[in-house]
Amino acid sequence: MDAVQAVAEPRRREILRLVWDTELSAGEIAERFDVTFGAVSQHLKVLRDSGLVKLRQDGKKRFYRADREAMGPLADYLQSMWAAKLDALAALAEAAERADGAEPPENS
């Protein structure tokens, strides 16, 4: 599976986001999802086989981190996609805050 196909799956994109700036163990990654550890492990294998994450083993633990260099232009695309989502979330939060402030005060 190529890198673009690998990131087409939403859980794999979320895993990449989690390990973008930090290294996490497979268990730490799996804790953040509502699927089995085995399902997360399969997603990690696809990401590893596609060259999107690096694996480091320490004893029995496996640690994963995004391999941004290997992603090439895909790394820039993913970052811009996540930034756009954060911008949209911030805009929604600001609009909600303005709407809460626009309500007239209650009379006692």
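Colleague: How many residues does the protein have, and what share counts as buried?

Modeller: Of its 108 residues, 30% count as buried. Buried means under 20% relative accessible area, exposed means over 50%, and partly exposed lies in between, with a 1.4 Å probe and protein chains only. This is a predicted model: local features need pLDDT of at least 70, side-chain atom pairs count only at pLDDT 80 or more, and totals for chains, interfaces and linings use all residues. Residues are numbered from 1 along each chain as its sequence is written, and side-chain values use heavy atoms, with hydrogens and water left out.

Colleague: How many helices and strands are there?

Modeller: Helices (H or I, at least four residues) and strands (E, at least two) are DSSP runs, numbered from the N terminus. Here there are 6 helices and 3 strands. Along the sequence the pattern reads α-α-β-α-α-β-β-α-α.

Colleague: In what order do the strands form the sheet?

Modeller: Two strands pair if DSSP finds at least two bridges between them. The order is β1-β3-β2, in an open sheet with antiparallel pairing. β1 (24-25) and β2 (53-58) stand at the edges with a single partner strand each, so one side of each has no neighbour in the sheet.

Colleague: How many bridges join β2 and β3?

Modeller: β2 pairs with β3 (residues 61-66) over 6 bridges, in the antiparallel sense. D58 stands opposite K61, and R56 stands opposite F63.

Colleague: Which salt bridge does E23 form?

Modeller: A salt bridge is a side-chain nitrogen of Lys or Arg within 4 Å of a carboxyl oxygen of Asp or Glu. E23 forms one with R56, and their closest N and O atoms are 2.7 Å apart. E23 lies in the loop between α2 and β1 and R56 in strand β2, so the pair ties together parts 33 residues apart in sequence. E23 is partly exposed, at 28% relative accessible area. R56 is partly exposed too, at 37%.

Colleague: Where do E14 and R17 lie?

Modeller: Both lie in helix α2, 3 residues apart, about one turn of the helix. The buried residues of α2 (residues 10-18) are R12, R13, I15, L16 and L18.

Colleague: How many salt bridges does the whole structure hold?

Modeller: The search finds 5. Among them is D49 with K45, at 2.6 Å between the closest N and O atoms.
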